[in-house]
Amino acid sequence: MGVQVHHGITVVPGSLTAILEKQPGRRRGDRLLVIVDVEAEANCPLDLVATAPQGINPLIKLLRIRSGAAPPPPGAAKVRRTLRYEEAPAADYQEVWLGEGDAAISAKVALVM
């Protein structure tokens, strides 16, 4: 069973992936790509967004799921969905956190050159 990171939204175990694509030279072309699978109500609009403020550690990117609807009623049908976050130019992140407080999960950032 996954971690519930938002009302009625559960992260599929092992699905949080973070990649930092590094370009030679300056940081301008570096890009952070984060992908995660969640189980959520089929018609609920969802986005993966950066939290504000970002926190005190500049090497950890903090993300949250933004839902455009009220929490689903108990027993509502859920489907698996893939959410994606991109940031460019990106800092030299080493880790990505998704969620808030005790309901947060993390993944190390893989470096691709």
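Let me begin with a term: a polar contact is a pair of N or O atoms within 3.5 Å, where within protein one must be able to donate a hydrogen and the other to accept it, and where residues adjacent in sequence count only if both atoms are side-chain atoms. What you see is a predicted model, in which local features need pLDDT of at least 70 and side-chain atom pairs count only at pLDDT 80 or more, while totals for chains, interfaces and linings use all residues. Residues are numbered from 1 along each chain as its sequence is written, and side-chain values use heavy atoms, with hydrogens and water left out.

With that in place, Asp 30 sits in the loop between β3 and β4 (31-41), strands here being DSSP runs of E of at least two residues, numbered from the N terminus. Its side chain has a polar atom 2.9 Å from the backbone nitrogen of Gln 23, and makes a polar contact with the side chain of Lys 22 at 3.1 Å. Is Asp 30 buried or exposed? Asp 30 counts as buried because its relative accessibility is 1%, the cut-off for buried being under 20% relative accessible area with a 1.4 Å probe, protein chains only.

Turning to the sheet, β3 (residues 17-21) runs parallel to β9 (residues 105-112), joined by 4 bridges, and strands pair if DSSP finds at least two bridges between them. Ala 18 stands opposite Val 109 of β9. Strand β8 (residues 95-98) is antiparallel to β9, also through 4 bridges, with Val 96 partnered by Ala 107.

Technical notes. Buried < 20%, exposed > 50% of the residue type's maximum accessible area, 1.4 Å probe, protein only.
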